[in-house]
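I opened a protein chain today and kept notes as I went. The entries are in the order in which I looked things up.

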Amino acid sequence: MAARRRRSSGGAASSLSDSRPAGGCTATYSVVGQWSGGFQASVKVTAGTTAITGWTVTWRYAGGQTVTQVWNATLTSSGSQVTARNVGYNGALGAGASAEFGFLGSGAAEVPALTCTAA
């Protein structure tokens, strides 16, 4: 079963209700699958009530997990801090529109708190 948590650009984790911030974005993290020593996850980025031209999603892993492969985003990490940014074809989102990126990771799957920042 997929685990999910969403955090808007300036608040604590919230329910999965549809409450999009004006001019911002939200991000929802889902564990797609897991196996001994690894996992697959996806993140859905949704624009708020106005269009955005790009997005950045950040999170911190607590258990030493690392991202080993990513698609539909550019990803950087430093220690436990992970930053994913849109690629050229999925950054501009109309109001309420969404884009999704995915990745493979090593370690035990967890659902971290996300921060989504719109450009």
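The notes go from the whole chain to its strands and then to one alanine.

**Entry 1: the whole chain.** I noted before anything else that this is a predicted model. I looked up the secondary structure and found 0 helices and 9 strands. Read from the N terminus, the elements are β-β-β-β-β-β-β-β-β. I then checked burial: 36% of the 119 residues count as buried. The accessible surface is about 5,800 Å², and carbon and sulfur atoms hold 50% of it. I also looked at contacts with a separation of 6 or more, and 68% of them join residues 24 or more positions apart.

**Entry 2: strand β3.** I picked β3, residues 38-47, and asked how many of its residues are buried. The count is 8 of 10, so β3 is largely enclosed by the rest of the structure. Next I looked up its partners. Strand β2, residues 25-35, runs antiparallel to β3 and is joined to it by 10 bridges. In one of the pairs I looked up, G33 has Q40 in β3 as its bridge partner. β2 and β3 make a hairpin with 2 residues between them. I wrote down G37 in that turn, where phi is positive at about 90°. β3 also pairs with strand β8, residues 98-106, in the antiparallel sense over 9 bridges. There, V45 stands opposite A99 in β8.

**Entry 3: an open sheet.** I looked for the order of the strands in the open sheet and got β6-β7-β4-β9, 4 strands with antiparallel pairing. The edge strands are β6 and β9 (114-118), each of which pairs on one side only. From one strand to the next, the twist averages 15°. T74 stands opposite R85 in β7.

**Entry 4: A73.** I moved to A73, in the loop between β5 (66-71) and β6 (74-78). Is A73 buried or exposed? Its relative accessibility is 9%. The cut-off for buried is under 20%, so A73 counts as buried. I then asked which residues A73 touches, leaving out those up to four places away in sequence. They are W55, A84, R85, V87 and F101. R85 is also the residue opposite T74. Last, I checked A73 against G88: they are 15 residues apart in sequence, and their C-alpha atoms are 9.0 Å apart in space.

Notes: Residues numbered from 1 in each chain as written. Predicted model: local features only at pLDDT ≥ 70, side-chain atom pairs only at ≥ 80, totals over all residues. Heavy atoms only, no water. Buried < 20%, exposed > 50% of the residue type's maximum accessible area, 1.4 Å probe, protein only. Contact = heavy atoms within 4.5 Å. Areas by Shrake-Rupley, 256 points an atom, 1.4 Å probe, with all protein chains shown as cover. Pairing = 2+ DSSP bridges. Axes fitted to C-alpha atoms, helices over the stretch in contact; angles between N-to-C directions.
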